[in-house]
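Open the model in your viewer and keep the selection panel at hand. The stops below go from one selection to the next.

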Number of protein chains: 2
Amino acid sequence: MALIVQKYGGTSMGSPDRIRNVARRVARWKAQGHQIVVVVSAMSGETNRLLSLAKDVSPQPDPRELDVMVSTGEQVTIALLAMALKDLGFKAKSYTGGQVRVLTDSTFTKARILDIDNAKVRRDLDSDMVVIVAGFQGVDEHGNITTLGRGGSDTSGVALAAALKADECQIYTDVDGVYTTDPRVVPEARKLERITFEEMLEMASLGSKVLQIRSVEFAGKYKVKLRVLSSFEEEGKETSGTLITFEEDTKMEQPIISGIAFNRDEAKLTVLGVPDRPGIAYQILGPIADANIDVDMIIQNVGHDGTTDFSFTVPRGEFARTKKILDEQIRPHVGARAIDGDNHICKVSAVGVGMRSHPGVASKMFRALAEEGINIQMISTSEIKISVVVDEKYIELAVRVLHGTFGLDQAAA
Amino acid sequence: MALIVQKYGGTSMGSPDRIRNVARRVARWKAQGHQIVVVVSAMSGETNRLLSLAKDVSPQPDPRELDVMVSTGEQVTIALLAMALKDLGFKAKSYTGGQVRVLTDSTFTKARILDIDNAKVRRDLDSDMVVIVAGFQGVDEHGNITTLGRGGSDTSGVALAAALKADECQIYTDVDGVYTTDPRVVPEARKLERITFEEMLEMASLGSKVLQIRSVEFAGKYKVKLRVLSSFEEEGKETSGTLITFEEDTKMEQPIISGIAFNRDEAKLTVLGVPDRPGIAYQILGPIADANIDVDMIIQNVGHDGTTDFSFTVPRGEFARTKKILDEQIRPHVGARAIDGDNHICKVSAVGVGMRSHPGVASKMFRALAEEGINIQMISTSEIKISVVVDEKYIELAVRVLHGTFGLDQAAA
C-alpha cells in the first residue's frame, strides 16, 4: 500500500464525462489499497473565461480580487470529482487551498507556497477517504485567497506530495510522458522511460509544456518521485509514462543528449553601452525583478572602451513593460547608450546529463545549425544544456535538425 | 454618517455593465460619507448553471460538495464588484462567507446562520473601505462551506446588518418596492411606502418574491430597519422604495388590508381517517420534518366516529417525496385509511394588521370569491392574514377580485 498524490489537469477535467473518467481511474487505484490524494485544475477554458469576465468589468483587475475570482475554477472541479467518487461508492471529501491550509506568501496571482498543513488530509486518509484538493491556490497568513500562477496546480500536487511524504506524485496530463522533443514538430520524437530531475528542470524551463518548472524544482528539492502519465489511456492499456528520477537512481548508461527543448515565448532586450563596472547587472535587473518580471537568459560579454552590452530574455507578454522600465528608469540611471529589443526570437536547447562527460557537444550543435544557415544570436550554457537564441522563423527547422544530429529520432533508438 | 448594508441580487449583478452600475450606486452612497457594506448574490443564472453541471456529473449530488461548488457564484461577484469600485477610486475589499466568518450550522444547502464575526469588517470600515461580502454562504464550525438555500443572500444582508448594528439594511432588487399585489397580475397594484414586519412576513411567506422570508424574520428579531429598493432606477430619479418597519413606528392610520399575496408553489396532502387521539399530528409531521421538507399550512378539523382528516401543504417540488413518506411510513404506522394529494392548487391571502380591529374581513373575502364561483378548498387564518387554498386555475381571478374588494386598486388610493 502506497500513498499516492495524483494531479489531473484542466483537459482531464474538461467535461462531466471526463470527470467521471478521472473518478473511475482514481477508484481503480484506491481499490488496489492505496491511499489517494487528488489535486485538480479548473475545467479547461474556465480560468480564461473568468479572466475575460474580470477584464470586462475592469481594464486592470485588482490582483487580490482576481485571485478570489479565479480560484473558483478549482473549487468547482474538486466538488464535482468528490460527487463522482461518492457515486462510485467511495468516501471522498474536497478541500479548497484555504481549507487544507496551503499557506503562501501574499504575491497575488503569483504566490509561492510556504507551508502545507497536512493534519486534515492525514486524518481523512486514515478514515479511508479519497482526499481531493484544489490545485493552483492557497491562502496567505491573513486569510486572503492567493493563486500560484499558470500551471500552479502541478506545484500544488508536488508540494502536497512533499508535505505528506507520498510515495509518488503522478501528474496526469494529455500526453503519455516526456518526449525527446515536441512530436508535433518532430514526428520521430520518442517517449523517455525516465529522465533526471536536472534534465527535466532544463526541459521544463526551456518550454516543454508537460510540467510546470516550479513543480519540478519543488520535487527535486523535497525528493518527491514524480511520474508523468496520460489520463486518456483506456483502462487496461495504461503505460507507465515517464518517471522523473534522481541521477543516482539511474543505473543505465545515459545518452549524451536526452532531448531538444524549445520556447517560443521569449523576447530579447539589450542595454547597449553601459559602463563596465561592478554592480551594473544588479542595477539593471533589480527594477525588473521588483516588477515581478521573470528573466530567463542573461548574457554579458567582455567589455571594451569601458562599456559593455547587457542582454537578457523575458516572456513575450512582458516585453513592452520591460522595455518601458529599461527606457524610463534604467537607461538614464545607469547611463546606457541605448535600449534594443526583439520579440521575434525563440530559444532552442539541447539537454542531457551526458554532456558533462562528453566534450564537443556544443561545437556539434553549432555546426548543425550553421549548415542550415541559421544564425545564432545569443548562446548560454549550463552543465547539462546548451541554449541558443535564433530568429523565431527557424524554430521548427532548428529543432528537427538537432533532434536528428543527436541521434534522438525513433529510427535511431 | 450612517452605517448602511446594501444587498444586490442576481439580476442587479447579471452582467459586467450592471456590476459597474452597482459600483456607481455604491460609490454615490459612500461619497455622501456613509460606511457601506455590500452583500451580493451570484450573477443571475449562475447558480442554476452550477447546479446543472453538478447534475451532469452526479444524479444526486452530495450536499456538502454541492455547497463547495455553488458558493463559487458569489465568490465571483464579490471580486468583480471590488474591482469595479477600485476603478472608481474607492478602497474596497471582498470577503467570502468563510473569510468574514459567517458561522452556520452544518445543514448543507439549507444552513442557518449562528453567528457573524464583525471584527474584520469593522476594521476595514474604519479604514474607509467599502466591504463586499458574499451572500448566501457561510462555514460551519469545522470549516466546511455551507449555503443558506435559495434567496439566502437577503438573510446574509440582514444578518450582517444585525451583527454590525447597521442603521439600515437596503435590499436592492429589480422592483422598486413592495406592492399591494403582483402588478403583473393586477395592473392597478400600488407600491406601499411602508409596511409592518408582521405584514411583510406574511406577504413574503405567502409568495411575494421581493424578500426571502428568513431575512424578514431575522430583521424583525434583531430590529433591523429594512428597505426594499430598485437597483435599476436612474441616477437622480431614485425613489425611496418601501420601508419595512415596526408597528409602533407607524403613526398613520393603517388600511385594513395592506396586500394580497399568493403562492403557486403549493401542493396539498391529506391523511384520511386517522385515529383522533393525542400525538397524531406529531406522528405525521415528525418524519416530514426529519426529511427537511418545509410544511406550510396545516389543517385539522374536528373528528367524527373517532377519526379525523389531517391536511397540510408543501412546496410543489417536495410533493412526490412527501407522498412517498406518507404512503410508506406514515399510513401504516398511524393506521390511516388513505392518503390523498393534489399539486394543482394555490394559496391566496389577504394580509393586514388592520384586520385585528376590523371584524368581518373574512366573510367579505369569502363572499367575493363565492360571487366569482371560486370554491375554497382549505382555510387558514392568523391574526393578520386570511389564506385560502383554491384550484390553481383561479389564481389570477382570485387575486384581482380580492385586490378590488379591499380597495387596493390604484384608482381607490
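How many residues does the contact take from chain B and from chain A? The contact takes 28 residues from each: 28 from chain B and 28 from chain A. Keep in mind that this is a predicted model.

**Stop 1: the chain B side**

Select helix 1 (16–31), helix 2 (46–57), helix 3 (63–70) and helix 4 of chain B. These are the elements that give two or more residues to the side of chain B that touches chain A. Colour the side of chain B that touches chain A by class: 16 residues are nonpolar, six are polar and six are charged.

**Stop 2: the rotation**

Superpose chain B on chain A. A rotation of 180° does it, with 0.0 Å of shift along the axis and an RMSD of 0.1 Å. That is why the relation is one of a two-fold axis. The same surface serves both copies, and 100% of the contact residues of chain B recur in chain A. To find the axis from chain B, go to T72(B). Of the residues of chain B, T72(B) comes closest to the rotation axis, with its C-alpha at 2.7 Å.

**Stop 3: a helix pair across the chains**

Select helix 2 (residues 46–57) of chain A with helix 4 (residues 72–87) of chain B. Their axes come within 9 Å and cross at roughly 35°. The crossing is right-handed. Show the side chains next. Helix 2 of chain A contributes L50(A), A54(A) and V57(A) to the contact, and helix 4 of chain B contributes V76(B), L80(B), M83(B) and A84(B). Which classes do these residues fall into? Seven are nonpolar, none is polar and none is charged.

**Stop 4: the sheet of chain A**

Hide chain B and turn to the strands. Chain A has an open sheet of eight strands, in the order 3-6-2-1-9-11-12-10, with mixed pairing. Select its edges: strand 3 (92–95) and strand 10 (194–196) of chain A each pair on one side only. Look along the sheet for the twist, which averages 20° from one strand to the next.

Zoom in on strand 11 (residues 226–230) and strand 12 (residues 242–245) of chain A. They pair in the antiparallel sense over three bridges. V228(A) stands opposite T242(A) in strand 12 of chain A.

Conventions
Residues numbered from 1 in each chain as written. Chains lettered and ligands numbered in written order. Predicted model: local features only at pLDDT ≥ 70, side-chain atom pairs only at ≥ 80, totals over all residues. Axes fitted to C-alpha atoms, helices over the stretch in contact; angles between N-to-C directions. Helix = DSSP H or I, 4+ residues; strand = E, 2+ residues; numbered from the N terminus. Left-handed = near helix turned anticlockwise from the far one by under 90°. Contact = placed C-beta atoms within 7 Å. Nonpolar A, V, L, I, M, F, W, Y, C, P; charged D, E, K, R; others polar. Least-squares fit on C-alpha atoms with pLDDT ≥ 70 in both. Pairing = 2+ DSSP bridges.
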